[in-house]
Amino acid sequence: MAKQKDKLEGDVYYPSQEILESSRVKDYDCLYKQSIENREGFWEIEAGKLSWYKKWGKVLDDSKKPFYKWFTGGKINIVANAIDRHLVSDTRNKLALIWEGEPGDFRTYSFFALNREVSKFGNVLKALGAKKGDVITIYMPQIPELIIAMLACAKIGTAHSVVYGGFSVEALAERISDAQSNILITADGGFRRGKPTNLKNIANDAMRRSPTIISCVVVKRTGEECFMEGDRDFWYHDLMSMPIASAKCETEVMDAEDPLFILYTSGTTGKPKGLVHTHGGYTVYTSTTFRYVFDYQPEDRWWCAADPGWITGHSYIVYAPMINGATTILYEGAPNYPYPNRWWQMIEKYGINILYTSPTAIRGLMRFGPSWAERHDLSSLRLLGSVGEPINPEAWKWYHEVIGKGKCPIMDTWWQTETGGFMITPLPITPLKPGSATKPFFGIEADVVDEKGNSVKPGEEGTLVIKNPWPGMARTIFRDPDQYIEKYWKQFEKQGWYLAGDSAKVDKDGYFWIIGRNDDVLKVSGYRLGSAEIESALISHPAVTEAAAIGLPDKLKGNIIHATVILAEGISGSVELEDQLKSHVQKEIGPIAKPKFVVFAESLPKTRSGKIMRRVLKAKALGQEAGDLTTLED
C-alpha cells in the first residue's frame with residue numbers, strides 16, 4: 001500500500017485491506033494488459049460463463065465497420081441467462097426482486113416466481129399477436145410489471161422499447177411511431193410524491209397520434225379512473241387470469257445479433273435516436289461489467305436507484321443483476337418522500353449491500369444534512385456507485401463519509417446509452433480520486449485527443465474517444481444507419497474511433513476526468529472551461545447544494561459565465577452572497593472562471609434521469625424558445 005501511495009498524485013482514497021483481500025480481481029494492471037493484448041480471447045472467456053444454445057463461430061466480425069458484430073453464429077436469449085438457468089440451480093428460490101411502492105406497499109419475487117409471471121405474460125403477448133422481430137412499446141411507472149414486461153418481450157423474441165413513465169404525450173407518440181409498435185403496455189398511473197400520475201390518459205392521447213397501436217395492456221396500480229377503449233384496451237390482471245396465460249412458455253432461440261431492445265435518447269436537436277442493442281454482445285458485456293466493477297457476491301442485495309426506463313435501469317436493474325443471480329431492489333417513488341430519510345430507511349430495512357445512484361440524487365439529499373442518514377444503520381453497505389454525470393468532489397466526499405462511513409469505495413462509472421455498460425470505471429481495489437472515473441474497463445482503450453486525433457498532454461482538455469469495438473456497443477440507430485455513422489464515427493473515421501461526445505482530461509497517473517458534454521464546454525477569452533468545473537467550485541461553498549453554469553455570448557470574451565445555484569436549506573440569496581460566490585469561484589479556479597452573473601433558484605431544469613438541461617437555462621437567459629422539453633422532469 002505504501003508503494004501505491006508514493007505513485008499517485010492529489011487527493012487519493014485507498015481501499016482497505018479487507019476490500020483488497022475479498023475482491024475477485026487482485027491486479028487490475030495485469031488483467032487489463034491481458035484484455036488489450038488478446039481482446040477477443042478475453043471476451044470469449046467471459047462469454048463462456050453464460051448459457052448458449054449454440055456456440056459462436058467468430059468472436060468479432062469487423063468486416064463492415066463501424067457495424068461491428070459479436071459472437072456471430074451464436075444462438076442465445078438474454079432470458080435464458082437472466083431466469084432460465086437459475087431454475088435448475090440453488091438460485092431458483094432466491095429472491096430476484098424486492099419492490100417497494102411509494103405508499104409503502106411491497107412485493108417480492110423469487111427467480112421461480114418471476115419465471116412464472118414472465119412466462120404467463122409472454123403467452124398473453126403472443127395471444128395478442130406479438131411475434132419475433134416486433135417492437136413492443138412499454139410506458140409504465142417503477143412497478144414489478146415493468147420488469148416482467150421487459151423480460152416477457154425478450155423471452156418471446158420481440159424487442160422492447162421502454163419509454164420513461166414520466167414522458168409527455170409528444171415524446172411517447174414520437175417513439176411509438178418510430179418503432180411502429182402494434183402493442184403498448186402501460187398502467188393507469190403510478191405514485192410520485194404522494195400523488196397518482198395519470199399515465200393512461202397520456203397513453204390515450206399518444207395512441208390517437210400514433211394509430212399503429214392495435215392492443216394496449218393496462219396494469220391497475222393507482223385505481224384512478226381512466227378511459228378504456230373497448231376493442232383495444234385490456235386490463236393486465238384480466239388477461240393474466242385467462243387460460244391464454246399459461247405458465248409454460250418456451251424461451252425463443254435468438255441469434256446473437258438479433259435486437260433485444262431499442263432505447264431512445266434525445267439530443268439538443270432533431271428527433272430522438274433509437275439505439276439498437278442485441279441479445280449476444282449486450283448479455284456478455286453487461287453481466288461482465290457488473291460482476292467485476294461491483295465485485296458481486298452471491299449474498300449481496302443490490303440497489304440501482306435508477307428507473308428501468310433508462311439504460312442504467314435496463315443494464316443494472318434488470319439484466320446484469322439477474323444474469324448474475326443477484327437480488328435487486330426496485331423503488332417506485334421520490335428519494336425524499338415523505339421525508340429525506342426514505343432511502344436510508346430502505347437500506348436498513350432490506351440490508352442493502354451496494355447502492356448505485358446519481359450525483360444529482362446525492363446532492364439533493366446532501367441538502368438536508370447528515371442527520372437524516374445518521375438515524376439509520378447503514379452498516380450493511382459494502383460498496384457505493386455513481387452514474388449519469390461527473391460527480392463533484394464535495395458530493396463524492398459527503399457520499400463516502402456520511403453514507404459509506406468512510407469504508408465503502410465509490411465506483412464512479414462513465415458510460416452511455418450507446419455503450420450498453422460501464423466503460424471507464426474503478427474496481428473496488430482501485431485507489432480513488434474524488435471526481436475521477438479512474439481507468440478504462442477491461443478490453444477498452446480510451447484516449448483524450450485534439451481535433452486532429454493527437455493525444456493531448458496530461459492535464460489538458462480534449463475529446464474523449466474509444467479506440468476499439470466492445471460487445472455491449474449499440475449496433476445502429478433504428479431505421480437510420482447513416483446518422484449512426486455521422487454522429488459516432490465520422491469525425492475519426494480514418495482511425496476507426498468511436499466519438500463519445502464528451503470533453504475529458506487524463507492526469508499524470510492515467511486517471512480520466514470527465515468534464516461534461518462537448519456542448520457544455522465554455523470558451524472564455526480563449527480558455528476552455530468545463531461547466532462541471534465551475535459547478536464543482538460553486539458547490540464547494542457551504543451555502544450551495546446544486547449549481548449549473550452556462551456560457552452567454554460576449555463580444556469581448558467570447559463567452560461570459562452565468563451560474564444558477566440552489567442554496568442549502570435555511571439560507572437565503574442576497575447581493576452579498578452573490579459577490580461571495582463569485583469570489584469563491586475566482587479563488588478556487590482563477591479569475592478567468594469568475595461568473596458574471598449568479599442567480600438563485602428553487603430548482604434546476606433536469607431530465608427525468610437527473611441530468612441538468614443547461615440549454616434550457618441558456619435559452620431562458622437569452623430570452624429564446626427553449627425547444628424540445630419532452631425529457632424535462634418538471
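Biologist: Is Cys 304 buried or exposed?

Modeller: This is a predicted model, and in it Cys 304 is buried, because its relative accessible area is 1% and the cut-off for buried is under 20%.

Biologist: What is a disulfide, in general?

Modeller: It is a covalent bond between the sulfur atoms of two cysteines. Here the count comes to zero disulfides. Cys 304 is in none; the nearest cysteine sulfur, in Cys 408, is 17 Å away.

Biologist: Where is Pro 338 placed?

Modeller: Pro 338 is in the loop between strand E17 (327-331) and helix H13 (342-350).

Biologist: Where is Arg 479 found?

Modeller: Arg 479 is in the loop between strand E23 (476-477) and helix H17 (481-488). Arg 479 is not a glycine either, yet its phi is positive, at about 60 degrees. Its relative accessibility is 54%, so Arg 479 counts as exposed, given the cut-off of over 50%.

Biologist: Now a sheet. What is the strand order in the open sheet of three strands?

Modeller: The order is E28-E29-E30, and the pairing is mixed. Strand E28 (544-554) and strand E30 (597-600) are the edges, each pairing on one side only. Neighbouring strands of this sheet are turned by 25 degrees against each other on average, direction ignored.

Biologist: How many bridges join E28 and E29?

Modeller: There are 10 bridges, and E28 pairs with strand E29 (residues 558-567) in the antiparallel sense. For a landmark, find Gly 551, which stands opposite Ile 561 in E29.

Biologist: At what angle does H18 run to E28?

Modeller: H18 runs at about 140 degrees to E28 and lies across E28 and E29. Helix H20 (residues 614-622) also lies across E28 and E29, but runs at about 55 degrees to E28.

Biologist: Why is H18 called largely enclosed by the rest of the structure?

Modeller: Count its residues. Helix H18 (residues 531-539) is largely enclosed because eight of its nine residues are buried. Among them are Ile 534, Glu 535, Leu 538 and Ile 539.

Biologist: Last, the rings. What describes an aromatic pair in general?

Modeller: The distance of the centres and the angle of the planes. The structure holds 42 aromatic pairs. Phe 121 and Tyr 236 form a tilted one: 5.1 Å centre to centre, with 50 degrees between the planes. That pair links distant parts of the chain, as Phe 121 in helix H6 (residues 111-127) and Tyr 236 in helix H10 (residues 236-240) are 115 residues apart. Phe 121 is buried at 1% relative accessible area, and Tyr 236 is buried at 8%.

Biologist: Why is the pair of Trp 343 and Trp 344 edge-to-face?

Modeller: Because the planes stand at 90 degrees; the ring centres are 6.3 Å apart. Trp 343 is buried, with a relative accessible area of 5%. Trp 344 is buried too, at 4%.

Biologist: Which residues do ring pairs link into a cluster?

Modeller: The cluster includes Tyr 28, Tyr 32, Phe 42 and Trp 43, and also Tyr 285 and Phe 441.

Biologist: Which ring does Lys 433 lie over?

Modeller: Lys 433 lies over the face of Tyr 511, at 4.7 Å from the ring centre. Lys 349 lies over the face of Phe 106, at 5.2 Å from the ring centre.

Technical notes. Residues are numbered from 1 along each chain as its sequence is written. This is a predicted model: local features need pLDDT of at least 70, side-chain atom pairs count only at pLDDT 80 or more; totals for chains, interfaces and linings use all residues. Side-chain values use heavy atoms; hydrogens and water are left out. Helices (H or I, at least four residues) and strands (E, at least two) are DSSP runs, numbered from the N terminus. Buried means under 20% relative accessible area, exposed over 50%, partly exposed in between (1.4 Å probe, protein chains only). A disulfide is a pair of cysteine sulfur atoms within 2.5 Å. Two strands pair if DSSP finds at least two bridges between them. Axes are lines fitted to C-alpha atoms, for helices over the stretch in contact, and angles run from 0 to 180 degrees between N-to-C directions. Contact means heavy atoms within 4.5 Å. Rings of Phe, Tyr and Trp (its six-membered ring) pair if their centres lie within 6.5 Å; planes under 30 degrees apart count as stacked, over 60 as edge-to-face and the rest as tilted. A charge sits over a ring if NZ of Lys or CZ of Arg is within 6 Å of the ring centre and within 35 degrees of the ring normal.
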